[in-house]
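Here is a short briefing on one structure.

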Amino acid sequence: MAEIALLQGKRIILGVCGSIAVYKAVDLASKLTQAGAQVDVIMTEAAQRFVRPLTFQAVSGRPVYTDMWRAENSGGLPSHIAHIGLAEGADLLMIAPATANTLAKLAGGFADDLLSVTALAAGCPLLVAPAMDGGMVEHPAVIDNLDALRRRGAHLIEPESGRLASGLTGGGRLPETSTLIGHIRRVLGLDGELSGHKLVVTAGGTREALDPVRYLSNRSSGKQGFAIAQAGIDAGADVILISAAEARPPLVGATRLAVDSAQSMMEAVLAQVADSSALIMAAAVADYRPRSVSEQKIKKADDSLTLPLERNPDILMAVKAQREKTGYPMIVVGFAAESENLVENASGKLQDKGLDLLVANDISASDAGFAVDTNRVVVLDMDGGLHKIELTSKAAIGAYIIERVGGLLA
Ligand code: C5P
């Protein structure tokens, strides 16, 4: 698990209840620790029937808290009273898995074990991931308790549907670690520097239909666009992700609009930027599309086949025209994939397309650009500024772009 800038030095209290889903909470504690968070685990008595505290201690590298009566359980905390020490200065209280019993205690304000008493003492955001079997999650008592928590500002993670430990199928599964971490990032980012800003990000390579089964496309994976969208969520933005990258996993916290052709991407972009702070066009848009789309599958016939193509509209040019009339989006960032004369070609594009920033990557290197997790770019701005970023993760480049957009919006 790579480090996550947003999680560096963050103090997360992970409350763990008695459910078979505790095995996922072990993975969560491990991944959060690897990502740079300080994770203090509180286990209920029932949770300890499923796994030992030692397991969480081993993955978090921190003492595990189990008992509100133990005098020696406050080591390493800001106060010698365990629930006060745990609550003080915490950035997030996450309860995963949260059982029906603990939800009832939280809703009722009970304080009869270390987790429930800490929840009353903690002033930080509360993120709750319920997990239970056999349709319990749909019981009116559970629904009422969840509603009460929601009304008080708690953030809830919808349980997933699927196979339950009992063998039954239904709702109540604890989502996988990557989804849980996505929710943690969204909640921790809420007050970030892009809070209140709508950010539109495009990702992936457009697909231009030839017939009902075939299309023309390119090698863009959407990874850089998704990394930018994630960095936007980390900074508190309201992110609209217009994606032609079908295969990318869901991104928690973004509203994802699936598109395929350049035309459909353009329609979505023009509608979404009308009230947005910034547009980041990371998508690889096809320059040409087949002049006509065959209704039937094109059959093999001759030795060669000629496909007439026509130009696609340039989305950024259409955005430029709309922005001149309306003032929105306030900031526009474009990309340029170049295989020669990188800076020269890129600065021409920055001028022509009326961009505030242009991120240029050299696609001739195999460790940067399409499909890989790393990239190497040059960021050009309107004032002639040029910032080179040597080979690094797409996440780090996403964070840099978001930081620059934040600077321009400030
Ligand atoms: O002109 P070029 O395709 O190199 O420019 C790349 C930038 O323009 C990218 O930000 C890409 O998303 C955008 N683009 C566009 N509409 C097109 C082609 C590219 O907005 N038809």
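**Sheet and arginine briefing**

Strands β17 (residues 331–338) and β18 (residues 357–362) run parallel and are joined by 6 bridges. The model is predicted: local features need pLDDT of at least 70, side-chain atom pairs count only at pLDDT 80 or more, and totals for chains, interfaces and linings use all residues. Residues are numbered from 1 along each chain as its sequence is written, and side-chain values use heavy atoms, with hydrogens and water left out.

**Sheet**
- Phe-335 has Val-359 of β18 as its bridge partner.
- The open sheet has 8 strands, ordered β13-β12-β9-β14-β17-β18-β19-β20, with mixed pairing.
- β13 (254–258) and β20 (386–393) are the edge strands; each has a single partner strand, so one side of each lacks a neighbour in the sheet.
- On average, neighbouring strands of this sheet are turned by 20 degrees against each other, direction ignored.
- Strands (E, at least two residues) and helices (H or I, at least four) are DSSP runs, numbered from the N terminus.
- Two strands pair if DSSP finds at least two bridges between them.

**Helices across the sheet**
- Helix α10 (residues 315–326) lies across β14 (278–281) and β17, at about 160 degrees to β17.
- Helix α11 (residues 342–352) lies across β17, β18, β19 (374–381) and β20, at about 150 degrees to β18.
- Axes are lines fitted to C-alpha atoms, for helices over the stretch in contact (heavy atoms within 4.5 Å); angles run from 0 to 180 degrees between N-to-C directions.

**Arg-11**
- Arg-11 is found in strand β1 (residues 11–16).
- Arg-11 has a relative accessible area of 13%, so it counts as buried (under 20%, 1.4 Å probe, protein chains only).

Conventions
Buried < 20%, exposed > 50% of the residue type's maximum accessible area, 1.4 Å probe, protein only.
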